[in-house]
Structure formats: C-alpha cells, structure tokens
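Subject: Structure handover

Hello,

Here is the structure to look through. Please open it before reading my notes.

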Amino acid sequence: MKSWLMHHLYVMQYTLRRLRTSPVSSLLNILVIGVALSLPSGGYILLQNVQGLSDKLVGAPQISIFLSMNTSQDEISRFSKQLEQHAAISRVEFVPREQALQQLQQSTGLTDVTGGLTQNPLPHAFIVYPKSNDIKVLETLRDELKTWTKFEHVQLDSAWVRKLEALLKFGRLAVLILAVLLSFALVAITFNTIRLQILTQREEIEVSKLIGASNSFIRRPFLYFGLVQGLLGGSAAWLIITVSLSLLNASLADLTQLYSSNFSLQHLSLGDSFTLLAFSAYLGWLGALLSVSQHLWQMETR
Amino acid sequence: MISFKQVSKRYPGGYAALKNISFEVNAGEMLFLTGHSGAGKSTLLKLIAAIERPNGGTVSVNGQNIGKINNGAIPFLRRNLGLIFQDHKLLFDRNLFDNVMLPLQIAGFDHRESAKRVRAALDKVGLLKREKAHPIALSGGEQQRLCIARAIVNRPSILLADEPTGNLDTDSANAIMDIFKSFHQVGATLLISTHDESILRQYQGRKLTLKQGELQA
C-alpha cells in the first residue's frame with residue numbers, strides 16, 4: 001500500500017517535471033484548453049445571470065385585475081369573495097388605489113411626477129395568484145376574468161417572462177451544443193499531445209514492457225499528464241471568466257448607475273467552478289487514455 | 001524448469017525459424033545455445049519470454065504454458081525472468097542507477113529497499129562507482145554489464161542472455177562470462193545463446209546446437 005502510494009507520488013512529480021521541461025508548449029496547450037472551455041462556461045454564466053434577473057422580476061405567475069373607476073365598495077367586497085371561492089385561484093390580494101399610488105412613488109422614484117398630480121389616476125386592483133403554473137390554464141383563467149363586469153383590464157403578468165424563458169431555453173441549447181463540440185476539441189488536443197509524448201518515449205515503453213511492465217504501469221504517467229493538463233486548462237478557463245466578468249462589471253457599473261440600479265454579473269458558484277475543473281480534468285484524462293490505449297494496442301498487434 | 005515440446009515457429013511470409021524443437025532445461029543448469037546467425041537462437045529465447053508465440057507445440061516455464069498465456073499475465077512472467085539483450089536496450093535519458101531501478105519500480109518495490117538492491121546489482125557487475133554516469137559514457141562491455149545488472153536486480157530464478165558477448169573483445173567477454181558463472185554457482189538457471197567458439201570451449205555446461213531452425217544431436 002505504502003509503495004503503491006509512493007509510486008503514484010513519484011509519477012505525479014514526474015508529470016509536473018515533464019510539464020516544466022517544455023514550458024512554452026505546455027503553456028500554449030493549457031491556454032488553448034482554457035479558451036475552448038471558457039466559451040461555453042462564459043455562455044452558461046451569462047444565461048444564469050439573465051435567468052436570475054427574470055426570477056427576481058417575477059416569481060410566481062400572477063394576474064392583475066384593474067377595476068373600472070366607478071366600482072363601489074360593496075362590489076369590491078363581492079368580487080373579493082367570488083375570487084376567493086374560485087376553484088383555480090389560491091390567493092387574492094386587494095390593492096386599494098391609494099396604496100397603489102404610494103407603491104408607485106416608492107418603487108420607481110417618480111415622486112416628482114406623481115407629486116404634481118391633482119388626483120390619483122390609479123384604479124383599485126386585485127392581484128390574483130392562480131393555483132396552476134401552466135401557461136394554458138393561466139390564459140383560460142385570464143380570458144374568463146375578462147368577461148366579468150367592472151373588470152376593466154385583466155393582465156397576465158408572467159407572459160413576457162414565459163417568452164424570456166423560451167429564449168433562455170434556446171440559449172441553453174446553443175451553449176450545450178458548443179460545450180459538446182469543444183469537449184471533443186479538448187479530448188483531441190490531449191490525444192495529440194500524448195501521442196507526441198509516446199512517440200518520443202517509444203523506446204522507454206518498449207523496454208519497460210520487455211522487463212515486465214503491465215499496461216496500466218505504462219498508461220499511468222500519461223493519464224496523470226492528461227489529468228493535470230486538463231485541470232490546469234480548466235483553471236485557465238476559470239481565470240479567463242473571472243477577468244472577463246470583472247471587466248464587464250466595471251463597465252456595467254457605469255451603465256447601471258444611469259438607471260439607478262445595482263445589478264452586477266454574478267460569478268460561477270463554488271459548485272459550478274468545481275464542476276468546470278472536474279470536467280476538464282476528466283476530459284484530459286479521457287484524451288490521454290484513448291491515446292495511450294490506442295498506441296499499446298498497436299504495439300501488441302504488430 | 002523450461003521445456004519445449006515439438007515447438008515450431010513460422011514468421012509471417014512463411015519463413016520457418018524453428019522446426020519441431022524439443023528439449024528441457026533443469027533448475028540450476030547453465031545451458032549454451034549455439035549455431036550460426038539466423039539459426040533460430042533469438043527466436044527460441046523470445047518464445048520463453050512470450051515476446052513471440054509458437055505456431056505449434058508447447059513452451060512451458062515452471063509448468064506454465066507460455067504459448068497460451070494471456071496478455072495480462074505476460075508482465076508477471078517477465079518479472080521472474082532476467083533478460084539480457086545483445087543490443088542492451090538501455091535508456092539513455094537517465095543514469096546507471098535509474099536504469100537498474102526501472103524493473104523494481106515496475107514491480108512496485110519500496111524505494112529504500114530498491115536503492116539497496118540497485119547498488120548491490122551494480123556492485124556485482126563492477127559499476128557501483130559510476131552509478132551517476134549516463135550509459136552513453138560507457139564502453140560496449142560496460143553497457144552489457146549494466147544490462148546484466150538490470151536483469152538481475154529483481155533476483156530472477158532464470159536468466160536468458162541473447163549473444164551477451166556478441167560485439168565484445170575477449171577480455172570484456174570473459175568478464176561477462178565470469179559474472180554468469182557466479183550466478184550459476186548460486187543456483188540460477190541460465191540459458192545463453194552464443195556463436196563464440198572460445199567461450200564454448202572455456203566454460204562447462206550442456207550445449208544445444210541449432211541449424212536452420214532444427215536441433216542438432
């Protein structure tokens with residue numbers, strides 16, 4: 001057990017030494033892998049941010065009902081009861097016109113504009129939270145509510161979020177395709193690097209086999225090399241994304257200041273960062289495994 | 001310990017390297033394999049180490065049928081054999097110590113124990129003082145001795161040497177044969193192929209002569 005560990009440690013040192021002996025080509029390989037991985041990861045992180053933005057804007061779907069201006073208090077309490085008893089509705093919230101005006105002043109900073117008004121232009125409103133999340137059910141409910149008297153305007157608030165959702169789905173698919181293609185590229189890069197190494201160490205491999213090396217012994221240093229190169233490539237991708245995000249956030253700060261918002265792009269989460277590194281290490285390992293196995297197979301069938 | 005029963009080997013293209021070979025080597029024996037170049041001496045040794053496989057008959061080592069051995073078991077067979085090559089097959093990117101260390105690394109030996117064994121093996125072939133040198137700095141005879149050190153560091157019970165004195169002058173050749181003789185005296189089984197008449201005259205041991213792939217009486 002101890003000698004097994006020592007051997008792995010030795011192979012690891014050997015791998016790092018080999019990376020150091022050709023620093024320029026190692027660095028270029030790592031950079032190529034980093035750029036290839038940063039594209040889909042960058043796309044993913046941008047989508048995550050847009051997703052977060054849309055979640056923040058609208059949580060659960062809701063229907064806003066604006067009553068006509070001449071609705072009486074009696075009618076309001078009658079509507080309130082009817083809505084609460086409706087089978088498709090889970091919760092009803094009444095927003096009196098005075099409260100609506102206050103909210104408008106607070107949330108949008110339009111105090112100057114609203115302060116100049118001689119009378120409140122806003123109607124009373126109900127906010128209805130449906131039980132279902134399904135867009136078809138929501139639309140039927142909206143259409144039904146539209147037929148009620150005194151319901152001047154019925155609006156399904158989450159409609160545009162649904163559209164954004166569809167767009168995000170499209171974006172996610174595009175990122176996925178990009179990720180798959182570039183993963184192949186990463187495997188190919190490692191395959192080729194390892195192939196060149198095998199060619200320069202052909203003699204060592206052949207001698208080792210003659211004096212009793214198993215295939216896994218011969219594979220091991222190459223697998224380590226692929227793993228480490230993939231890991232470093234993943235780290236390079238992480239760095240590229242970090243630098244890009246901080247640059248984008250710096251210029252975004254100027255933009256959002258104009259809109260008095262404090263939106264900024266979120267970085268990859270700890271879990272996502274870990275996944276990125278693990279995935280790139282795995283792909284490096286896989287490329288090395290394919291390369292060295294193919295070579296050993298060629299040697300045996302020769 | 002090693003037995004051949006009606007073994008034949010044909011190479012692709014139809015060339016018959018060995019024809020119907022049968023013999024046995026007993027444990028602790030020193031056996032010489034002689035014959036002209038191309039008589040099949042190297043092929044015979046390669047069959048024992050599973051570098052080549054026979055087309056007919058059975059080759060067995062310690063009761064194991066080498067002709068039918070599966071690829072996964074070959075490394076373990078070779079760890080019990082000491083192979084000495086005419087062209088040495090040394091690695092020129094590392095020093096003497098690391099060259100001899102390789103079989104022990106492959107077998108997964110503890111590092112400190114390995115270092116002791118490596119030095120003992122280098123000492124036995126008279127190269128201990130040059131452990132830090134690179135093989136390129138060695139003479140032909142010294143390179144062959146380094147190859148022997150690498151073959152014996154695992155303490156195998158069987159040594160196979162293919163033309164170990166092939167390109168060497170008489171003094172170097174005798175030095176190598178003396179090393180083999182000392183292994184023979186401590187009980188190792190040796191199979192040495194050579195076409196060097198003076199060696200065959202000087203050293204005791206059974207002699208097998210191959211001629212065009214056939215064993216001569």
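Residues are numbered from 1 along each chain as its sequence is written, and chains are lettered from A and ligands numbered from 1 in the order in which they are written.

Confidence comes first. pLDDT is the predictor's confidence in each residue, from 0 to 100. Chain A has a mean of 85, with 91% of its residues at 70 or more. Where pLDDT is low, the predicted coordinates should not be read in detail.

Helices (H or I, at least four residues) and strands (E, at least two) are DSSP runs, numbered from the N terminus. Two strands pair if DSSP finds at least two bridges between them.

Now chain A. Its open sheet of 4 strands runs β2-β3-β1-β4, with antiparallel pairing. β2 (89-95) and β4 (151-156) of chain A are the edge strands, each pairing on one side only. Strand β1 (63-67) of chain A meets β4(A) through 5 bridges. There, A:I63 has A:L156 as its bridge partner.

Chain B has an open sheet of 6 strands, ordered β6-β7-β8-β3-β9-β10, with mixed pairing. β6 (81-84) and β10 (214-216) of chain B each have a single partner strand, so one side of each lacks a neighbour in the sheet. Strand β9 (206-211) of chain B pairs antiparallel with β10(B) over 3 bridges.

Best wishes

Terms used:
This is a predicted model: local features need pLDDT of at least 70, side-chain atom pairs count only at pLDDT 80 or more; totals for chains, interfaces and linings use all residues.
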